[in-house]
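This report describes selected local features of one structure. The sequence and coordinates are shown first.

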Amino acid sequence: MLKILEDRQLQVFEKGVDDYAIECGKASVAGSVSQRACVFCGSRVVLYPVADAIHLVHGPIGCASYTWDIRGSLSSGPELHRISFSTDIQEREVIYGGEKKLYSALCELIDLYNPAAAFVYCTCIIGLIGDDVDAVCLRVEKERGIPVIAVHSEGFKGTKKDGYRAACEAIFRLMGKDSTTPVSSFSINILGEFNLAGETWIIKDYYRRMGIEVTACLTGDGRVEEIGRAHRAKLNVVQCSGSMTYLAKKMQEEFGIPFIRVSYFGIEDMSRALYDVAEFFHDCEIMRRTQELVKSEVSRLLPEIDKYKKNLLGRKAAIYVGGSFKAFSLVKALRLLGMETVVVGSQTGSPEDYDYLKEITKEGTIICDDSNPLELSKFILEKEADVLIGGVKERPIAFKMGIGFCDHNHERKIALAGFEGMLNFAKEIHATVTTPVWKFSPARKKATNIQVQGTSKD
Ligand code: SF4
C-alpha cells in the first residue's frame with residue numbers, strides 16, 4: 001500500500017473512492033521528486049521550434065545541456081533551433097555579473113549566423129545574480145537591427161506553466177510586424193503544435209484540403225516572419241492548451257482574434273478539430289470538403305486499427321503527460337483500441353481539466369496531478385497497467401516496472417497526431433504491449449502476487 005506525502009494527498013484521486021476537487025497548479029512539494037520540468041524548460045520547449053532564431057541560454061552549461069535538442073521538432077528550412085547556445089556562466093560572472101559575457105555572446109552569434117531574431121533565456125542563477133538582461137537585449141537589438149528578446153524563465157520562480165507564459169510573452173513581442181502580406185479571409189493560426197516528427201505538415205495538409213490557409217503555426221516549423229503576420233488571421237486554433245491558451249487570450253484582447261481549443265490526437269478529436277474550424281467559417285464549400293476529408297480518412301483507417309484491436313482488448317494503460325488536453329484524447333484513443341485507462345495524470349492540469357477526466361474515466365481510475373516516480377510506479381503495479389504513455393522522464397519507470405512504454409512527448413520521432421498518427425499510435429501500443437519480453441519481468445511477476453488494496457492515504 002502506498003503512503004502519499006501529506007501535502008500531496010488532495011492531488012491524488014481515485015474515482016469511486018474519493019470525493020473532493022483535485023488540488024492543482026501549486027508549487028511541487030519539496031522532497032517529492034516531481035516529474036515536472038522547471039520554468040526555463042517550459043519556455044524552452046515552446047520556443048524551441050522557431051527554427052530561424054538564435055536560442056541563447058544565459059546560465060550555467062547544465063541548463064543548456066538539460067534542454068539540448070530536446071524535441072523531435074522538424075524544420076523545412078533553417079535549423080538554428082537544433083543548436084544549443086549557452087553563455088556558460090561560471091564563478092567569475094556569479095561574482096562580477098554576466099552582462100558583458102551575454103553582450104559578446106549575442107553579438108558574436110548574430111554576426112555568425114544572421115538569425116531573424118534571438119531569444120535569451122534567463123535561468124535560476126541569472127535571477128539570483130540580478131543581471132539586467134532586458135537592457136543588454138535592447139542594446140543588441142538596436143545595434144544589430146533584429147528582435148532580441150529576454151525570456152524571463154528563471155527556473156525557480158514558479159511551475160513549468162510560468163515558463164509557457166514567459167514563452168507566450170516572447171512570441172507576442174514578434175507579432176504585428178507584417179501588415180502587408182495578403183492573408184486569406186479563411187485563415188487560421190495553429191497554436192501549440194510543435195511539428196514533432198512532421199505533425200504540423202500533416203495537419204496543415206488537412207487544412208489545405210479544406211480550403212483553409214494557415215497563416216502561422218506557433219511554433220512548429222516556426223519562422224519569425226510568419227509570427228509577424230499572425231495578428232491578421234481570423235481564428236486561433238489552440239492545440240496544446242496548457243502552453244498556449246494564455247497567448248490565445250492575449251491575442252483576443254489585443255487583436256480581436258477568437259480562439260477554439262482542439263486536439264489532433266485520436267480519430268474522434270481530430271475529426272472534431274476539423275469540423276470546429278469548418279463551422280467557424282460558415283462556408284458550405286469548406287464544410288463539404290471537410291466531410292469528404294474526414295470520411296475518406298476514417299474509412300481508410302478503421303479496418304487497419306481493427307487488426308491491432310484484437311490483441312489489445314481489455315488491456316490497461318497508465319497515462320502521465322504534460323498537459324491534460326492530450327490526456328483527454330489519449331483516454332478516448334485507447335478506448336477505440338479496446339483498452340481501459342487505469343491511471344491518468346498531468347504536470348499542468350487545471351481544476352476544469354481534472355473534472356473532465358473524472359467524467360470520462362471509469363470507476364477505480366487514479367487521477368493525479370504533478371506526480372512523482374514512486375507514486376507512478378505504485379499506481380502502475382496496483383492497477384496492473386500493461387503500458388505507460390508518457391515522456392522521457394517516464395520511460396525508465398515503465399521499463400523498471402517491466403511494462404510497455406509509448407513516448408507521447410517532445411522527443412518522439414514518430415508522428416502521432418492526425419489520422420495517420422492514430423494508426424502509428426495503434427501500431428506502437430500494440431508492439432509494446434504484446435512483446436513477449438515482459439513475461440520475464442521480475443516486477444510483473446511480483447505484481448501478480450500483490451494484494452491490490454486500493455490507494456492508501458493514511
Ligand atoms: S533554470 Fe534552474 S531549475 Fe532549470 S535547469 Fe537551470 S538550474 Fe535547473
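Is N195 buried or exposed, judged by its C-beta neighbours inside 10 Å? The model is a predicted one. In it, N195 has 27 C-beta neighbours inside 10 Å and therefore counts as buried, since the cut-off for that is 20 or more.

Backbone geometry

Most residues other than glycine have a negative phi, and most peptide bonds are trans. N195 is not a glycine, yet its phi is positive. D370, also not a glycine, has a positive phi. The two residues are listed below.

| Residue | Phi | Loop | C-beta atoms within 10 Å |
|---|---|---|---|
| N195 | about 55° | between β6 (187-193) and α8 (199-210) | 27, buried |

The peptide bond between L218 and T219 is cis, with omega about 10°. T219 belongs to strand β7, which covers residues 213-219.

Helix contact

Helix α13 (residues 324-336) and helix α14 (residues 351-360) have axes that come within 10 Å and cross at roughly 10°. The two helices are therefore roughly parallel to each other. On the α13 side the contact involves S324, A327, F328 and V331, and on the α14 side D353, Y356, L357 and I360. By class, the residues of this contact are six nonpolar, one polar and one charged.

Ligand shell

Around the ligand lie C38, F40, G59, C63, Y66, T123, C124 and G155. This shell holds five nonpolar and three polar residues, and no charged ones.

Note on methods. Residues are numbered from 1 along each chain as its sequence is written. This is a predicted model: local features need pLDDT of at least 70, side-chain atom pairs count only at pLDDT 80 or more; totals for chains, interfaces and linings use all residues. A residue is near a molecule or strand if its C-beta atom, placed from the backbone, lies within 6 Å of it. Ala, Val, Leu, Ile, Met, Phe, Trp, Tyr, Cys and Pro count as nonpolar, Asp, Glu, Lys and Arg as charged, and the others, Gly among them, as polar. Axes are lines fitted to C-alpha atoms, for helices over the stretch in contact, and angles run from 0 to 180 degrees between N-to-C directions. Helices (H or I, at least four residues) and strands (E, at least two) are DSSP runs, numbered from the N terminus. Angles under 35 degrees count as roughly parallel, over 145 as roughly antiparallel, 65 to 115 as roughly perpendicular and the rest as oblique. Two residues are in contact if their C-beta atoms, placed from the backbone, lie within 7 Å. A residue is buried if 20 or more other C-beta atoms lie within 10 Å of its own, exposed if 12 or fewer, and partly exposed in between; C-beta atoms are placed from the backbone.
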